[in-house]
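Trainee: Could we go through some of the labels used for this model? I'd like to see what stands behind each one.

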Amino acid sequence: MSIPPTKQKSKLEPLERVPYSKPPFTVGQLKKAIPPYCFKRSVLRSFSYVFYDLSLVSLFYYIATTYFHQLPHPLSYLAWPIYWAIQGCVLTGVWVVAHECGHHAFSDYQWLDDTVGLILHSCLLVPYFSWKYSHRRHHSNTGSLERDEVFVPKPKSKVSWFSKYLNNPPGRVVTLTVTLTLGWPLYLAFNVSGRPYNRFACHYDPYGPIYSDRERVQIYISDAGVLTVAYGLFRLIAAKGFVWVLCVYGVPLLIVNAFLVLITFLQHTHPSLPHYDSSEWDWLRGALATVDRDYGILNKVFHNITDTHVAHHLFSTMPHYHAMEATKAIKPILGDYYQFDGTPFYKAMWREAKECLYVEPDEGDNKGVFWYKNKF
């Protein structure tokens with residue numbers, strides 16, 4: 001049975017709160033609106049993105065290491081930042097493909113997905129299985145104040161005492177700088193901005209509270225992958241020098257980490273999005289508590305993880321190359337439950353850092369629904 005499109009009021013303004021009542025549609029009805037072939041995974045097509053991205057990475061590496069030293073000094077100082085920016089963006093696309101492997105959206109073969117994902121993520125110093133499992137729990141608990149895994153907002157009473165002193169332009173510059181440069185390694189190593197556990201949680205610890213007994217062996221494999229690449233970098237530094245490795249690999253990796261944190265932050269942090277406690281949360285409303293963004297040409301470079309995130313949270317095993325079509329198919333049904341914000345990402349980053357500091361319960365009778373606030 002089909003469902004008529006959800007009635008839309010006037011087109012939602014980016015900052016207008018989205019509906020938080022139980023939707024008048026089901027996941028099954030959304031799935032039926034999407035062409036069946038959108039759920040089919042093609043090994044050849046998936047690998048084509050791997051080869052395309054790695055070809056670009058190799059090309060930019062070749063240009064940088066072959067020609068930059070021949071440039072006059074003023075031009076070489078300009079060329080390296082351009083290389084860092086472009087290479088970092090392309091490597092973010094590689095990161096996204098590995099993320100897709102973790103969702104079993106790369107192929108029909110789990111072993112192939114895990115093999116490709118482990119290699120690609122390890123090369124970017126990401127513990128593949130460790131993050132795969134914590135990220136899976138994020139998808140299972142999106143929007144839950146008690147069980148979500150990443151960028152979990154705090155109530156005002158639990159916000160750090162110094163936060164009010166950072167609630168100004170210089171403070172936001174410091175906060176964003178630390179978040180974009182150190183946020184990813186701090187999350188992996190110390191669970192910063194993650195769900196609170198009753199003891200120390202770390203993505204590199206096979207016996208940490210994040211993982212179950214059946215997952216621990218794969219955490220060791222993830223650690224071995226990262227250590228292998230780290231040892232390779234150590235040998236490369238010994239052969240080529242620290243500055244060479246920093247310029248060719250290190251700075252682009254910092255760009256990758258910054259975009260990863262920024263993309264995730266902006267997907268789940270928005271003045272219009274609700275969060276829920278256990279009295280109100282359910283999976284569908286949680287999955288809808290995310291927002292699609294517009295990164296311009298980078299949408300394609302990032303394989304549309306930026307502007308199809310709502311569909312991704314609803315159907316995470318769908319390959320990215322069908323996500324645009326799926327989004328178009330479900331938007332009429334989602335109606336006002338679909339949130340898109342076309343604000344340029346650099347402006348949105350600043351706005352969200354200003355407006356979304358903590359959450360408080362809804363002003364009405366729905367005390368299990370929480371909204372972002374910023375007044376201290």
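This is a predicted model: local features need pLDDT of at least 70, side-chain atom pairs count only at pLDDT 80 or more; totals for chains, interfaces and linings use all residues.

Trainee: Why is Tyr346 called partly exposed?

Mentor: Tyr346 has a relative accessible area of 49%. That value lies between 20% and 50%, so the label is partly exposed.

Trainee: And what makes Trp95 count as buried?

Mentor: Trp95 is at 4% relative accessibility, under the 20% limit, so Trp95 counts as buried. Trp131 is at 8%, so that residue counts as buried too.

Trainee: The structure holds 30 aromatic pairs. Why is the pair of Trp95 and Trp131 called edge-to-face?

Mentor: Two rings pair if their centres lie within 6.5 Å, and planes over 60 degrees apart count as edge-to-face. Here the centres are 4.9 Å apart and the planes are at 70°, so the pair is edge-to-face. Trp95 lies in helix α3 and Trp131 in helix α5, so the pair ties together parts 36 residues apart in sequence.

Trainee: What about the rings of Phe345 and Tyr346?

Mentor: Their centres are 5.8 Å apart and their planes at 80°, so this pair is edge-to-face as well.

Trainee: How do you know that the charged end of Lys31 sits over the ring of Phe39?

Mentor: The distance cut-off is 6 Å, with an angle limit of 35 degrees from the ring normal. The charged end of Lys31 is 5.2 Å from the ring centre of Phe39 and is listed as sitting over that ring.

Terms used: Residues are numbered from 1 along each chain as its sequence is written. Side-chain values use heavy atoms; hydrogens and water are left out. Rings of Phe, Tyr and Trp (its six-membered ring) pair if their centres lie within 6.5 Å; planes under 30 degrees apart count as stacked, over 60 as edge-to-face and the rest as tilted. Helices (H or I, at least four residues) and strands (E, at least two) are DSSP runs, numbered from the N terminus. Buried means under 20% relative accessible area, exposed over 50%, partly exposed in between (1.4 Å probe, protein chains only).
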